[in-house]
Amino acid sequence: LVLGFSCTKAVAATVAHMMVQEGYLSYDEPVCERVWTRFCPSVLPPDGLADALGLTKETTLQRWGWKRSITLRHILTHQAGMCSALPAKMTVQSMGSCEACCAAFEYN
């Protein structure tokens with residue numbers, strides 16, 4: 001199998017634009033509020049996250065706030081910063097599964 005990273009971009013973007021046109025989605029609503037609630041499930045970072053990441057609480061709060069502000073517009077225009085922040089639990093094997101890729105970015 002060959003990983004097809006860009007094979008679904010056109011279809012996914014078209015579906016997203018159609019859903020905005022039909023009123024199901026908004027370009028400027030943070031995705032964690034309704035579309036992908038497990039992406040960033042709480043307003044404040046979970047207890048222990050700063051220690052687990054080896055960061056200060058201030059830095060963790062700043063990064064959590066940035067993550068909570070990501071919108072569909074950011075994702076569609078490649079401005080969400082997710083490619084430069086690949087999770088440590090992302091592996092070559094998990095990149096072959098859409099579900100595993102999404103789960104790697106979720107907090108659990």
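Q: Trp 36 first: is that side chain buried or exposed?
A: Trp 36 is buried, at 19% relative accessible area. Buried here is under 20%, exposed is over 50%, and partly exposed is in between, with a 1.4 Å probe and protein chains only.

Q: Before I go on, what am I looking at, and how is it numbered?
A: This is a predicted model, with residues numbered from 1 along each chain as its sequence is written. Local features need pLDDT of at least 70 and side-chain atom pairs count only at pLDDT 80 or more, while totals for chains, interfaces and linings use all residues, and side-chain values use heavy atoms, leaving out hydrogens and water.

Q: OK. What does Trp 36 touch, skipping residues up to four places away?
A: Val 31, Met 82, Cys 102, Phe 105 and Glu 106. Contact means heavy atoms within 4.5 Å.

Q: How many aromatic pairs are there?
A: The structure holds 1. Trp 36 and Phe 39 make that pair, and it's stacked: 4.5 Å centre to centre, with 25 degrees between the planes. To pair, rings of Phe, Tyr and Trp (its six-membered ring) need centres within 6.5 Å; planes under 30 degrees apart are stacked, over 60 edge-to-face, and the rest tilted.

Q: And Phe 39, buried or exposed?
A: Phe 39 is buried, at 2% relative accessibility. The charged end of Lys 67 sits over the Phe 39 ring, 4.6 Å from its centre. That label needs NZ of Lys or CZ of Arg within 6 Å of the ring centre and within 35 degrees of the ring normal.

Q: Which residues touch the most other members in the largest nonpolar core?
A: Trp 36, Phe 39, Cys 40, Met 82 and Phe 105, out of 13 residues. A nonpolar core is a set of buried Ala, Val, Leu, Ile, Met, Phe, Trp, Tyr and Cys residues joined through side-chain atoms within 4.5 Å. In soluble globular proteins, nonpolar side chains tend to be buried together.

Q: Zooming out, how many helices and strands?
A: The chain has 5 helices and 0 strands. These are DSSP runs numbered from the N terminus: H or I with at least four residues for helices, E with at least two for strands. Of the 108 residues, 26% count as buried.

Q: Where's Pro 87, then?
A: Pro 87 is also in the loop between α4 (72-76) and α5 (98-105). Pro 87 counts as buried at 17% relative accessibility, and touches Ala 104 and Phe 105, not counting residues up to four places away in sequence.

Q: Last one: which contacts does Thr 60 have?
A: Thr 60 lies in helix α3 (residues 57-68) and is buried at 3% relative accessibility. Leaving aside neighbours within four places in sequence, Thr 60 is in contact with Pro 45, Leu 49, Ala 50 and Leu 55.
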